[in-house]
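Q: Could you walk me through this structure, one piece at a time?
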Amino acid sequence: MATVSKSLKHKTMSTAAAEEIRSRILEGVFPPGRQLRQEELAQEFGISRIPIREALLLLESEGIVRIQPHRGAVVVELSAEEVEELFNMRILFEPFLLERSAPHLAPADFEKLDKILDRYETSIDKLDIDRWNDLNSEFHMLLYTHARSPRITSTVQNLLGECDRHTRIQLSNITGDRARAVREHKELVRLCRERRFAEAADFMRMHIDRIRVGLMALLHLDQTDATEATVGEQ
């Protein structure tokens, strides 16, 4: 029994460490390219290196950390190719799930969606980045709750997690996109309420693609700034 208890405690430490490191990456405290040293993290968190190593392996499986020979764990750089792949997959799957699920949304589901949107709008106003991304995922997954496509739904849930860092960057940098995100989420609910399911699916496709386009523009701007800075130093 003591061995099991010790194992559970150890697992809790590695999970907690992963959550803290993930949060720092998503908030930009650990920027892309940052090396994550096990010794430093273990000392800061007051735990051994073993749960830190397990936490980094978990984050590598999520695609936000890469473990490299001779360098250890490094925060993954954002790339245009990654944005294209992730958001094109969402564009492929999410309208499909919505069109399957929306006809079965009950009044209780719409009540929950309205409450999520109220909290979402509040978090946007307060610039509560962690909260608005959690609520965004909760909103999307509730829309798909009756799709009866468990494998695709699970894939989309993972995609939303992988897109988390990207949407944080977009909403943190472009004020207009925050207000538009609220409006578009409300429009999705309205279309579903009015049983205009095909229109809702088309709107979902446009909604996700608009995020993709905004992120690609931001990445292009960052690359342009980096190039100009390099030229200026020469």
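A: Let's start with Arg210, which counts as partly exposed because its relative accessibility is 31%, where buried means under 20% relative accessible area, exposed over 50% and partly exposed in between, using a 1.4 Å probe and protein chains only. This is a predicted model, in which local features need pLDDT of at least 70 and side-chain atom pairs count only at pLDDT 80 or more, while totals for chains, interfaces and linings use all residues. Residues are numbered from 1 along each chain as its sequence is written, and side-chain values use heavy atoms, with hydrogens and water left out.

Q: Which residue forms a salt bridge with Arg210?
A: Glu184 does, with the closest N and O atoms 2.6 Å apart; a salt bridge is a side-chain nitrogen of Lys or Arg within 4 Å of a carboxyl oxygen of Asp or Glu. The pair links distant parts of the chain, with Glu184 in helix 8 and Arg210 in helix 9, helices being DSSP runs of H or I with at least four residues, numbered from the N terminus.

Q: And is Glu184 buried or exposed?
A: Glu184 is buried, at a relative accessible area of 7%.

Q: How many salt bridges does the structure hold?
A: It holds 18, including one between Asp202 and Arg205 at 2.8 Å, N to O.

Q: Switching to helix 5, which residues sit on the face turned away from its buried side?
A: That face carries the exposed residues Pro107, Asp118 and Asp125, whereas the buried residues of helix 5 include Phe110, Leu113 and Leu117.

Conventions
Helices (H or I, at least four residues) and strands (E, at least two) are DSSP runs, numbered from the N terminus.
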